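Dear colleague,

I am handing over the structure below, and I would be grateful if you could read the notes that follow with it open beside you.

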Amino acid sequence: MTRPRRTVPPVALTIAGSDSGGGAGIQADLKTFEAHGVYGASVLTLVTAQNTVGVQAVHALPPDLVVAQIRSVLSDFPVAAIKTGALGTAEAVHAVACALHGWRGPLIVDPVMIAKSGDSLLDPAALHALIHHLLPRAALITPNLPEWDALTRAGLDPTAPVLLKGGHAAHAGQPTPTVTDELRLPGQPTLTLSAPRQHTRHTHGTGCTLSAAITANLALGHALPAAVVRAHAYLQRALHAAPGLGAGHGPLGHRAACDSAACDRAACDSAAATPGDPHSLPFQ
């Protein structure tokens, strides 16, 4: 009996740090890729001793080891999309930018600067390297409000392609009842994605998960705006499906949030996405 030919899955690569608690970083990225039916490859940049209440230790890997991992993966796997997360040092940023030179697929950059616990994950010297050597290569940058402020203050072109995440938005010192993200692409109207704020402490790894879901959807062949809409919807389900682990900011429910049918419905009924004048919607 001849076995049916297996469909080769698309491949996505994450270049990021390790979260020993499994809620963010490489671990969250790979769970998100798998939930979308995408094969995940990984390049480790730094190792953290981390749980839901904080980061106890950080060790950055040597840049030459980071480069070796990237070259090893790209030489053997048909990588369709790449995301970067925590890079840690200026040397690592340079190493990643150099190793990706000549690779022509979409790159999503999550400029991870501060962990959910408030601990710093980016060397100050790396900010300049990020802006001048890696972000110009990005198809999309996914900062939260404090990261966007830091990036633009440090010289990032404010017209860069960005998904500005509004989870930190507040009014009169209180979180806004609705979380609004804005997709701002050069030459296109702003796309606004809104969802009711989920009042939960289980939010560890939301930024990693969102950028990984965008990367997975790009690997699946979706155009960037559609990939962002689908990823936004997936994140809402992952928040709702959080398993309730840990004493602090707990992890999301990556696997429970997505099956093929749910992902196919995502862009239709799970996210409020509205186009608008790119100059009419202020950052919140």
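In strand 11, T180 has S194 as its bridge partner, and this is part of the pairing between strand 10 and strand 11 (residues 190–196), which run antiparallel and are joined by six bridges. Strands are taken to pair if DSSP finds at least two bridges between them, while helices (H or I, at least four residues) and strands (E, at least two) are DSSP runs, numbered from the N terminus. The hairpin of strand 10 and strand 11 has five residues between the strands, and in this hairpin G187 takes a positive phi near 80 degrees. Strand 10 also pairs with strand 7 (residues 162–164), again antiparallel, through three bridges, and the partner of V162 in strand 10 is R184. Strand 10 itself (residues 178–184) is mostly covered, since five of its seven residues are buried; here buried means under 20% relative accessible area, exposed means over 50%, and partly exposed lies in between (1.4 Å probe, protein chains only).

Before going further, please note that this is a predicted model, in which local features need pLDDT of at least 70 and side-chain atom pairs count only at pLDDT 80 or more, whereas totals for chains, interfaces and linings use all residues. Residues are numbered from 1 along each chain as its sequence is written, and side-chain values use heavy atoms, with hydrogens and water left out.

For the chain as a whole, there are eight helices and 12 strands, and buried residues make up 52% of its 284 residues. Of the contacts (heavy atoms within 4.5 Å) with a separation of 6 or more, 66% are between residues 24 or more positions apart.

Helix 2 (residues 63–74) has 12 residues, which at 1.5 Å a residue should span 16 Å, and its end C-alpha atoms are 17 Å apart, which agrees; the expected span is 1.5 Å times one less than the number of residues. The buried residues in helix 2 are V66, V67, Q69, I70 and V73. Seen down the helix axis, these fall within an arc of 160 degrees, so they line one face of helix 2, the arc being that of the directions from the helix axis to the C-beta atoms. On the other side of helix 2, D64 and R71 are exposed. The cover over the buried residues of helix 2 includes strand 1 (11–19), strand 2 (39–51), strand 4 (79–84) and helix 3 (90–99).

T45 is found in strand 2, and it counts as buried because its relative accessibility is 1%. Leaving aside residues up to four places away in sequence, T45 touches I15, A16, G17, A60, L61, V66, A86 and L87.

A search of the whole structure finds one aromatic pair. The rings of Y39 and F77 have their centres 5.8 Å apart and their planes at 15 degrees, so the pair is stacked. The rule here is that rings of Phe, Tyr and Trp (its six-membered ring) pair if their centres lie within 6.5 Å, with planes under 30 degrees apart counted as stacked, over 60 as edge-to-face and the rest as tilted. The pair links distant parts of the chain, with Y39 in strand 2 and F77 in the loop between helix 2 and strand 4, 38 residues apart. Y39 is partly exposed at a relative accessible area of 40%, and F77 is partly exposed at 31%.

With kind regards
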